[in-house]
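Student: Let's go through this one together, step by step. I'll ask, and please spell out the cut-offs as they come up.

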Amino acid sequence: MTHLTTPLLVCIIVTVGYRTLAVAAYDQKPSKRPHIVLITADDMGWNDVGFHGSNQIATPHIDALAYDGVILNRHYSAPMCTPSRAALMTGRHPINVGMQHYVIDIDEPWGLGLDQRIMPQYFRAAGYRTHMIGKWHLGFFTEHYIPTNRGFDTHIGYLGPYVDYWSYVSKMNSGTFEGYDMRQNQSVNYAANGTYATDYFTSAARDIIAQHGKSGQPMLLVMNHLAPHAGNDDDPLQAPQETIDRFAYIRNSDRRTYAAMMSKLDDSVGAVYESLRANGMLDNSIIVFLSDNGGVTRGMHSNTGSNYPFRGQKHSPWEGAVRTAALIWSPLLKDTQRVSNQWFHISDWLPTLASAAGIAMGNSSFSDIDGIDQWEALAYGTGNPRQRLMNNLDEIFGYTSYTENGFKYINGTTLNGMNDAWYGETDPLDQLPDDDQYLSSIMATRIARAGRLDEKLISYLRRHATVNCGNSIATKPCNPLVKPCLFDIINDPCEMHDISDEYPKRLREIRNRLELYRLRAAKPRNRPHDPEADPSKFGGVWNWWRTDPTKAATLQDEGDDSPLPPPTHSLAKDTQLFVIIPIVVVGIIFVIGTLLYLSNKNIIKLCRRTKKQDSATTPSEIPTDASSPDGKAAVDAAFSSKIYVISDRDMDSSSKQDQCSV
């Protein structure tokens, strides 16, 4: 056995040493952590910002940030609000946390699981002050689910899916309930009533930034705008009249109002930039701007958003739903003023921003995440860490949208194919501003002047950020309700030419991989409408209507009145350590002893596998606290059966194990 011991020890020492050095380097706290501002637009279309080539809607501040930073031209999300926001906050695919099916209607008693550790919790543990402005939409049926009980120090905004832009009343389109939905932390905020929502949220952001400018504390500001989401059905599109009048050249009155909503959003982005500069924080800040999903050109909650030339819209498996406008700007980026075509998923933001802030996301008793740390690739332009994108797998609606190595697979769709066409082409009769006017609007911003942008550079970047599909007629159409579709999404970004018949082997490989995703996916957490949520019972305000999280988490909605299981840990945490550590040590000794009996061939395979799993291209791992405060994890577990976690790493591991089994 002596000849086996040496290579085994070398493998163990190298692996442990590598991880120790990596953790030590990661845990080094920078002298000054960066301020992070994450701005999310709601239901904004790909074609609704100028940097993707359209002159219809002026967004000079957003565009200037894009040109001076990095344009993320392959940024992907889930196709709807709640799933994408769950992925953004957790760094996990919605299918792994039961958030893959539809959205949370305001009167439904469910939310993002309390066992999930989310973005503000990591940053607060690292010394950040954490703030949220605007939309939450991850559940509030009990007080345990609201933002200030999930890691945010402050929250100024609404808890449900949307509100009126002036009155902050949210009216259910699927029922008769309506109520006021605006909060200052846990308290109802009536002061906002009468102020245009985008302006109110911008003012709140200015105040928070000014406080940090004085205190010097690192800031995480998540700014989830209402704009340009539609409001209540009786008056869905709203903006100040003087702003609407600036877009008189747009013939469609709804689209004209939408343009004004976008313009106010652009003003807000400019104001946030200016506030960071005025408070001496800009040089140590990271600004991210993105849309949570595609725009809604037609149908329910339509805001006339345009995803053109992509196919589909929000609530569909197509690029128009999941490929979203996004950018990152920061003086900390070393390779800027460029268009990036690296694949980026919305779940990547948590590990990426944590990496930029020097926050370790290492292993412990927590679950892996699916997001990949892409900070190095963004900062230095060093490559493309991600090759697979799980847009969504929804077995209730019955569709899958998935991309792997440039091949996009779609099987099934939503609403019987009603959202599967190409929408949002600009009216040819609109007298749009010309390119010179567009360039002048960009050059007039402080962002452009500070970044020393010039018109030649802007035109070059804009040309490379614009998607042109050429042939406007689909030569090889595919109906995913009849059979699966396969697209070369790099050369056919508008999903016009089905190539499934040409690549049957690739189709089979993807379907086999997706079967593993499907088998390990978490059960959707959705719950039916609850009449007890009626705001009239709470003074006309949308409020958490269940006070006992244990009762709220039972499966009584499914006819199962069985009691909750006992808490996961019945011992005190200090006692747990004395019990667990010896067990772990004995386990390690047992594993090492077992490995000593392996052949040299298997040892070499083990070393190679370990190196591959530790490479920079594998997803980061983020802890999910299994023994969270107040026993939230145990309470929340009753929502569903065991959640089987799958990530890109799991898929890689499964493939390797199949190939190397003996």
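Tutor: Let us begin with two cysteines, C478 and C485, both of which are buried, where buried means under 20% relative accessible area, exposed means over 50%, and partly exposed is in between, for a 1.4 Å probe and protein chains only. This is a predicted model, in which local features need pLDDT of at least 70 and side-chain atom pairs count only at pLDDT 80 or more, whereas totals for chains, interfaces and linings use all residues. Residues are numbered from 1 along each chain as its sequence is written, and side-chain values use heavy atoms, with hydrogens and water left out.

Student: Ok, and what joins C478 to C485?

Tutor: A disulfide joins them, with an S to S distance of 2.2 Å; the term is applied to a pair of cysteine sulfur atoms within 2.5 Å. The torsion about the S-S bond of C478 and C485 is about -90°, so this disulfide is left-handed.

Student: How many disulfides does the structure hold?

Tutor: The structure holds two, and the other pair to consider is C469 with C494, where the S to S distance is 1.6 Å. Its torsion about the S-S bond is about 60°, so the C469 and C494 disulfide is right-handed. C469 sits in the loop between α13 (455-465) and β19 (485-488), while C494 sits in the loop between β19 and α14 (504-520), so the pair ties together parts that are 25 residues apart in sequence. Helices (H or I, at least four residues) and strands (E, at least two) are DSSP runs here, numbered from the N terminus.

Student: Buried or exposed, what about C494?

Tutor: C494 is buried, with a relative accessible area of 0%, whereas C469 is partly exposed, at 22%. If you number the bonded cysteines of the protein in sequence order, the pairing reads 1-4, 2-3.

Student: Zooming out, how many helices and strands are there in the protein?

Tutor: There are 19 helices and 19 strands, and buried residues make up 56% of the 662 residues. Taking contacts (heavy atoms within 4.5 Å) between residues at least 6 apart in sequence, 76% of them join residues at least 24 apart.

Student: Which residue has a positive phi although it is not a glycine?

Tutor: Y102 has one, with phi of about 60°; Y102 is found in the loop between α3 and α4 and is partly exposed at 22% relative accessibility. H315 also takes a positive phi, about 65°, without being a glycine, and this residue is in the loop between β11 and α8, buried with a relative accessible area of 10%.

Student: Switching topic, at what angle do α5 and α7 pack?

Tutor: Helix α5 (residues 197-215) and helix α7 (residues 253-278) pack at about 10°, with their axes 10 Å apart. Axes are lines fitted to C-alpha atoms, for helices over the stretch in contact, and angles run from 0 to 180 degrees between N-to-C directions. That makes α5 roughly parallel to α7, on a scale where under 35 degrees is roughly parallel, over 145 roughly antiparallel, 65 to 115 roughly perpendicular and the rest oblique.

Student: And which residues meet there?

Tutor: Among them are T198, D199 and I209 in α5, and K264, V272 and L276 in α7.

Student: Last one: where is Q342, and what does its side chain contact?

Tutor: Q342 is in the loop between β14 (338-340) and β15 (344-345), and Q342 is buried, with a relative accessible area of 5%. Its side chain makes a polar contact with the side chain of S340 at 2.9 Å; such a contact is a pair of N or O atoms within 3.5 Å, where, within protein, one must be able to donate a hydrogen and the other to accept it, and residues adjacent in sequence count only if both atoms are side-chain atoms. Leaving aside neighbours within four places in sequence, Q342 is in contact with residues including R74, Q374, N384 and P385.
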